[in-house]
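Here are some notes to read alongside the model. Keep the 3D view open and find each residue as you go.

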Amino acid sequence: MLETSARLLRLLSLLQTRRDWPGPELAERLDVSPRTVRRDVDRLRELGYPVHATTGTLGGYRLGAGAALPPLLLDDEEAVAVAVGLRTAATGTVTGIEETSLRALAKLEQVLPSRLRHRVNALQTFTVPVPHDTPAATVDPDVLTTLAAACRDRERLRFDYLDHHGHTTTRAAEPHRVVTWGRRWYLVAYDVDRQDWRTYRVDRITPKTPTGPRFTPRDLPDGDAAAYVARSASSAAWRHHAEVVVHAPADTVAACVNPAVGTVEPLTDTTCLLRTGADTVAALAVHLGLLDTDFEVTSPPELVAHLRTLAARYARATPTA
């Protein structure tokens with residue numbers, strides 16, 4: 001009986017690792033006959049686990065979704081990763097999951113082998129996060145799941161949106177992806193009324209239900225939702241914008257410029273146009289200096305004046321003999 005129970009747990013673990021399992025391969029992994037595999041599958045079904053079977057030369061088994069969550073059988077690295085993830089979630093930016101994460105972590109730690117419990121405790125005890133200088137914008141988990149489901153099901157969304165000026169407007173959009181960047185969450189969507197792509201902060205979204213009709217997905221510019229959010233969110237927050245001609249190949253400059261900092265467009269084989277920005281002209285000047293190559297700035301005037309001040313200052317700092 002003990003051997004059978006251990007084999008059932010092993011079978012359940014294998015069924016959780018991938019979508020489909022051929023019967024002969026399961027029998028080989030368990031070192032039993034295909035007939036024994038069929039009997040064990042029947043036992044799992046009697047215990048309430050929906051194991052679906054297909055016949056034929058390509059037939060096999062698949063673990064379906066059931067009314068109850070089956071026991072998750074994790075290897076050592078998976079168990080540590082889940083424990084660390086739960087601890088991180090308990091101090092994250094999603095409202096209301098802190099207590100749930102701690103309850104799940106307590107259950108996991110209770111059954112962890114001693115060797116793994118020591119590893120997790122060491123990570124928790126000797127890892128110290130640096131506090132953020134600004135409070136995090138928290139989001140409602142129900143809003144997150146609503147947005148993610150609309151992205152998955154390709155259903156149009158209607159929602160109230162609070163912009164950075166404090167004004168609330170109603171938007172209709174075709175959701176594409178939910179992106180997490182730093183301590184904030186963003187929705188990338190095609191705004192139906194404005195007929196353009198937009199980035200929305202999730203903590204400022206209040207969805208309206210039910211969701212709208214299904215839509216045919218559009219191609220996102222550049223195809224990279226994370227890079228699109230990095231560019232859009234940064235440029236919207238900049239107080240000062242600049243276009244700079246850099247005397248270096250575009251590929252060379254692009255390797256030094258994060259998408260959140262600016263975009264690079266080739267002009268010739270040896271020059272390119274950098275569009276960038278920052279909260280202050282002093283920060284802009286620092287970023288440009290880090291390029292370590294010649295460049296030309298014509299605007300904004302405040303940046304030009306600041307660069308001339310820096311040039312004079314640096315000249316005074318290096319007097320000739």
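Which cysteine sulfur is closest to the sulfur of Cys272, and how far away is it? Keep that in mind for point 2.

1. Ground rules. This is a predicted model, where local features need pLDDT of at least 70 and side-chain atom pairs count only at pLDDT 80 or more, while totals for chains, interfaces and linings use all residues. Residues are numbered from 1 along each chain as its sequence is written, and side-chain values use heavy atoms, with hydrogens and water left out.

2. The cysteines. The closest cysteine sulfur to that of Cys272 belongs to Cys256, and at 9.9 Å it is too far for a bond. A disulfide is a pair of cysteine sulfur atoms within 2.5 Å, and searching the whole structure turns up 0 of them. Cys272 is buried, at 0% relative accessibility, whereas Cys256 is exposed, with a relative accessible area of 55%. (Buried means under 20% relative accessible area, exposed over 50%, partly exposed in between, using a 1.4 Å probe and protein chains only.)

3. Aromatic rings. There are 4 aromatic pairs in the structure. (Rings of Phe, Tyr and Trp, the last by its six-membered ring, pair if their centres lie within 6.5 Å; planes under 30 degrees apart are stacked, over 60 edge-to-face, the rest tilted.) Take Phe159 and Tyr200: their ring centres are 5.1 Å apart and their planes sit at 80 degrees, so this pair is edge-to-face. Phe159 is in strand E4 (residues 157-162) and Tyr200 in strand E7 (residues 196-201), so the pair ties together parts 41 residues apart in sequence. (Helices, H or I with at least four residues, and strands, E with at least two, are DSSP runs numbered from the N terminus.) Both Phe159 and Tyr200 are buried.

4. One more ring. Tyr161 and Tyr200 also pair edge-to-face, with centres 5.1 Å apart and planes at 75 degrees. Ring pairs join Phe159, Tyr161 and Tyr200 into a cluster. Tyr161 is buried too, at 7% relative accessible area.

5. The cores. The largest nonpolar core has 17 residues, and Val244, Leu274 and Leu303 are among those with the most contacts inside it. (Such a core is a set of buried Ala, Val, Leu, Ile, Met, Phe, Trp, Tyr and Cys residues joined through side-chain atoms within 4.5 Å.) Strand E9 (240-246) and helix H11 (301-317) are among the elements that each supply at least two residues of this core. A second, separate core of 16 residues includes Tyr161 and Ile205.
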